[in-house]
Amino acid sequence: MKKPLIIHTFLFAIFPVMSFFVKNIVEIVTIGLSLAFFKLSVIIVISIFFALILLLFFNLLFKNIHKSAIFTTIFIVMFFSYGHFNIIVKELSLKNIFESVSMKLPVFYFIFCLSLFTLLAYLLRQKKRIFFTLTRFLNIVSIILLCFSLLNIAVFFINKSKNDAILSKECSSQASSMPTKPEEAFPDIYYIILDAYSSEDTLKEYYNFNNHNFINYLKEKGFYVAEESTSNYAFTSLSLASSLNMEYLDDLARTMGEGSNDLSPVWSMIEKNKVASFLKSRGYNITNIRFSSWSDNFFLYFLKTVVPSASSSSRWLNEFDAKRKQELLQLDELKQIHRIDNKPNFIFAHILLPHGPYVFGPNGEAIEKDDGDGSNSDKYYIEQLIFTNKKAREIIDTIFSNSKASAVIILQGDHGRGNNKAARMRILNAYYLPQQKNSMLYNSVTPVNTFRIIFNAYFGVSYGLLKDRNYFSWWTDSEKPYRFIDVSDEVGYGRGEENIDKLYADAISNFYIDKVKDTAYNLKIVNGFSPAAVYFDGNSAYAKTSLELSALKGATIMFSVKPDAKQNTSIVAIIDNGHSAENDFVLQSVDVSKHEYTFHCFGVDSVFNLPAETWTHFLVSIDLSKNTFDVYLNGKKYSSSQIPLDSHFGSVPLTFAKLSKSNERYFRGTLDEVFIWPRALSKKEIKIITGNVK
Ligand SMILES: [Zn+2]
């Protein structure tokens with residue numbers, strides 16, 4: 001019988017490298033194939049070398065090369081299977097069992113493999129012939145496995161070339177007009193993505209962290225901070241593909257289908273994005289400062305992926321360390337940008353901060369914490385964010401001094417953090433636009449419009465702005481990445497017009513104001529809208545609603561008021577409880593010459609200014625479940641106070657322009673846009689309503 005060639009040992013040795021390549025092909029293509037091929041070749045040579053050493057070692061033991069090869073292969077399979085074994089144990093939640101018999105998982109695995117190994121060696125000790133058969137069998141298995149890998153790679157590249165063709169067609173069809181300015185006049189543009197950086201209000205609400213100092217620093221520098229900005233998508237690749245192409249991904253999602261998990265076209269869109277090609281065509285140098293775990297930590301990443309047992313506990317495989325070095329390098333690189341040949345720069349920097357894992361304390365101290373254990377990781381997130389702020393300040397200061405404040409700087413979170421949709425999608429979004437272009441921005445701008453606005457501002461083009469929407473999706477098997485859920489209403493600070501209508505409709509409908517005593521005022525308010533402003537002459541004219549607030553846990557009262565210059569003491573609005581002043585709600589003047597009014601609500605007073613002959617927009621939100629009331633003047637919060645416990649509304653309805661029967665004083669001036677909600681509006685709702693006062 002002819003002796004078979006020994007192929008399987010070497011193919012099994014390089015198989016982990018191949019499957020690693022297949023699994024991570026998208027990223028490999030992104031960093032550049034030639035570099036990846038080089039590094040992978042090195043790993044392949046090393047793997048073959050180790051397999052050879054092992055083979056020679058077993059041959060010393062068995063004095064039979066075919067037998068030795070089979071045992072080498074078994075050894076290799078066992079070595080690379082530990083990761084899977086580990087996962088299976090985890091998934092079956094058997095870990096406790098191992099811990100209860102005080103046996104460490106790796107120890108158990110080692111003993112298990114050693115026993116199996118010995119058993120096989122014993123069983124097969126005398127049967128020389130069987131080694132030839134086994135060798136042939138393993139050869140075939142290894143060749144089939146390798147073919148599968150190669151087939152996967154081929155399919156990927158065929159699909160990629162198809163996608164590329166579609167994308168390049170789209171790009172050329174949008175051929176941009178020629179530059180209208182000499183290129184040196186164009187500003188440098190820094191697009192800095194701070195991964196998972198949440199909005200100021202999210203940090204306050206969900207992490208109890210006040211980021212005011214940093215936001216203030218940005219504002220003082222001249223940044224426009226879009227305080228109601230949200231990400232268009234919930235995770236990095238979708239978010240960046242959208243912002244860098246100035247488009248929503250609906251078309252792509254339709255092409256890929258809701259069931260698809262394949263994000264490779266998304267990465268292609270990031271790689272060949274419209275923003276870069278627009279700027280390239282205008283003479284820009286494009287610099288991409290990426291998180292390059294791939295090029296610099298390739299071996300580490302390979303070992304981590306292929307041999308999960310090589311955990312972060314061993315120092316030389318420390319991914320925390322790698323990230324720390326990486327981010328510092330990246331941040332440093334941002335300070336080194338200079339113009340070459342007077343060409344403008346577009347710098348895209350995707351910084352993996354404050355995103356976990358957490359490797360920096362607030363002052364840059366080295367820490368090593370994974371994301372994902374609840375309140376503890378919340379703390380580390382905030383601490384890493386504090387460090388991110390420090391670095392961001394340094395970078396911004398450097399860019400300002402290098403560019404003499406002529407560079408465009410965008411500081412943007414690609415999404416927020418956690419599973420709560422609002423927290424996940426409300427982001428930091430701050431712009432420094434030189435040449436006073438801030439007026440082109442708006443508070444709820446989303447990343448899909450970022451470069452539409454910037455290109456309109458500096459390149460004489462006119463991209464229409466897209467409606468700001470938020471599409472939530474996830475990349476797990478159950479929630480596929482292209483299965484977009486429109487969560488705009490939930491996360492979007494109610495910027496949609498339909499929300500405002502809904503809110504107005506929530507105001508008490510058909511409440512009417514009584515026929516005004518003695519005079520012909522007949523102010524009717526239907527669905528909260530009064531057809532015209534109503535003038536009260538200060539002379540026994542008033543208006544009364546049919547509203548009973550006594551059963552409510554809260555109310556929001558809003559109106560616009562313009563007091564007369566000629567008036568004396570007067571009342572604007574009142575819920576007069578007759579005898580118990582504690583439960584009154586009164587807005588009345590105290591010193592007309594100073595335009596001073598006092599607002600008295602459940603025993604708490606506050607004094608403010610309602611100038612004569614000027615419209616003042618007044619809103620008070622009373623929440624008796626929290627015993628608070630907030631006063632807003634002209635859309636801005638004026639005061640926030642505590643109501644004494646156990647306060648309640650009186651049973652007398654809300655009256656405008658008149659005090660009680662016993663002490664009749666009347667208002668002189670004009671009232672308009674009277675709305676009453678039978679509950680305390682949320683901050684978000686108040687923002688919508690006060691942001692839309694005509
Ligand atoms: Zn991200």
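Mentor: A residue is buried if 20 or more other C-beta atoms lie within 10 Å of its own, exposed if 12 or fewer, and partly exposed in between, with C-beta atoms placed from the backbone. The structure above is a predicted model, in which local features need pLDDT of at least 70 and side-chain atom pairs count only at pLDDT 80 or more, while totals for chains, interfaces and linings use all residues. Residues are numbered from 1 along each chain as its sequence is written.

Trainee: What percentage of the residues in the protein is buried?

Mentor: The secondary structure comprises 22 helices and 22 strands (DSSP runs numbered from the N terminus: helices are H or I, at least four residues; strands are E, at least two). Of the 694 residues in the protein, the buried share is 35%.

Trainee: Which residues have the most contacts inside the largest nonpolar core?

Mentor: A nonpolar core is a set of buried Ala, Val, Leu, Ile, Met, Phe, Trp, Tyr and Cys residues joined through C-beta atoms within 7 Å. The largest such core has 71 residues, and those with the most contacts inside it are Tyr190, Ile192, Ile347, Val408 and Ile409.

Trainee: Which strand gives the largest share of this core?

Mentor: Ile192 is in contact (C-beta atoms, placed from the backbone, within 7 Å) with Ala349, Ile351, Ile410 and Leu411, leaving aside its neighbours within four places in sequence. A second, separate core of 48 residues includes Ile557, Phe585, Ile622 and Ile688. The largest share of the 71-residue core is six residues, and they come from residues 189-194, strand β1.

Trainee: Which strands stand at the edges of the open sheet?

Mentor: The six strands of this sheet follow the order β11-β22-β13-β18-β19-β20, with antiparallel pairing (two strands pair if DSSP finds at least two bridges between them). Neighbouring strands are turned by 25° against each other on average, direction ignored (axes are lines fitted to C-alpha atoms, for helices over the stretch in contact, and angles run from 0 to 180 degrees between N-to-C directions). Two strands have a single partner strand each, so one side of each is left without a neighbour in the sheet: β11 (534-537) and β20 (636-642).

Trainee: What is the bridge partner of Phe629 in β20?

Mentor: Strand β19 (residues 628-633) runs antiparallel to β20, and six bridges join them. For Phe629, the bridge partner in β20 is Ser641.

Trainee: Where are Pro354 and Pro357 found?

Mentor: Most residues other than glycine have a negative phi, and most peptide bonds are trans. Here, a cis peptide bond joins Leu353 and Pro354, with omega about 0°, and the bond from Gly356 to Pro357 is also cis, with omega near -5°. Pro354 has its place in the loop between β4 (345-351) and β5 (358-360), and Pro357 is likewise in the loop between β4 and β5.

Trainee: Does Asp341 count as buried or exposed?

Mentor: Asp341 is not a glycine, yet its phi is positive, about 55°. Asp341 lies in the loop between α16 (319-335) and β4. With 8 C-beta neighbours inside 10 Å, Asp341 counts as exposed.

Methods: Two residues are in contact if their C-beta atoms, placed from the backbone, lie within 7 Å.
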